[in-house]
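This report looks at one helix and its surroundings, and then turns to the overall dimensions of the chain. Please consult the sequence and the structure below while reading.

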Amino acid sequence: MRTIQAKTILSSVKQGADTWFGIRYNMNLYRGCQHGCIYCDSRSNCYQLGDLSDIRMKDNALQLLEKELRSKRERGTIGFGSMNDPYMPAEKEYELTRNALKLAYRYKFPVHIITKSNLVIRDIDLLKEISKVYAAISLTITTCIDELSIQIEPGAPVSSIRFDAVKQLADAGIYTGITLMPVLPFITDAKENIRDIVIKAKQCGASYIIAAMGTTQREGQREHYYDQLDKRFPGLTPKYEQRYGNQYQCDTPNSDELWTVFKNVCSQLSMPIRMKFYKPIENRQLTLF
Ligand code: SF4
């Protein structure tokens, strides 16, 4: 594991700009990600992260975080996991995420974590405490079939393990949901897959499910993805090239139909398709009156 020094650790997100998770500050404690998802957007050239599989730990991350939290006048949700997974295998040993959660707890900051790993279960004790302010955990699940999750997310725990993590978190009273994204054209875009994920989410006690019926592709990300398609799903690259060219937004060919299935099942099961965001105490009191 290489270490690097960061100049800052929290980056501000414009108020209201994150309509999915309500994040106000973004944070990446590592560089690179061991989960190796074939579609990962962090490989895009625009981020200049280098080789995604070269994991670097931000050596001074916790000192910076404490300093920055102390100086923040506005308590907004800290997002863990935008450019990497905060619970990738390295976290087991290095505990940057756990120690950052301790700081969030100490300074009473709300958190949102997005992950594909059941390692998050380790921190249930802390998450329960932070929940008194606000904590939300989103497990990303893109397929109900474990063998397929190994193909597209080779370094992450399989889908059934993630569903089990959802159940354990929900049973512990932590606000937990599912991010059903991306949906990969010609791979995970079967109606049954979307329906089964929602049903399983409900059975596991998820409080919300947020979906996007497609994927994105940018320079750097696209080349790796096509290379992996050739290895794992021969014959699909020409279909992508023909349909999407150099497009950024790549909706599945049947996205309208998938949205209908998704919304119908969610409605039948009373499953929210949006999550509740953190509200500062003064806003909560206003709502009360
Ligand atoms: S877990 Fe997220 S950041 Fe890590 S490789 Fe997968 S998509 Fe990329």
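In this predicted model, the residues of α7 that count as buried are Asn-193, Ile-194, Ile-197, Val-198 and Ala-201. Because these residues cover an arc of only 130° around the axis, they lie on the same side of α7. The other side of the helix holds Glu-192 and Gln-203, both of which are exposed.

The helix itself runs over residues 191-203, and its 13 residues reach 19 Å from the first C-alpha to the last, which is close to the 18 Å expected at 1.5 Å a residue. After α7 comes Gly-205, a residue with a positive phi near 90°.

Turning to the whole protein, the secondary structure amounts to 11 helices and 12 strands, and buried residues account for 40% of the 289 residues. Among contacts between residues at least 6 apart in sequence, 81% join residues that are at least 24 apart.

The C-alpha trace spans about 55 × 45 × 30 Å along its principal axes. How does the radius of gyration of the protein stand against that of a compact globule with 289 residues? Such a globule would have a value near 19 Å, and the protein has 19 Å, so the two agree.

Definitions and conventions:
Residues numbered from 1 in each chain as written. Predicted model: local features only at pLDDT ≥ 70, side-chain atom pairs only at ≥ 80, totals over all residues. Helix = DSSP H or I, 4+ residues; strand = E, 2+ residues; numbered from the N terminus. Expected span 1.5 Å × (residues − 1). Buried ≥ 20, exposed ≤ 12 C-beta atoms within 10 Å, placed from the backbone. Arc of directions from axis to C-beta. Rg over C-alpha atoms; globule rule 2.2 N^0.38 Å. Contact = placed C-beta atoms within 7 Å.
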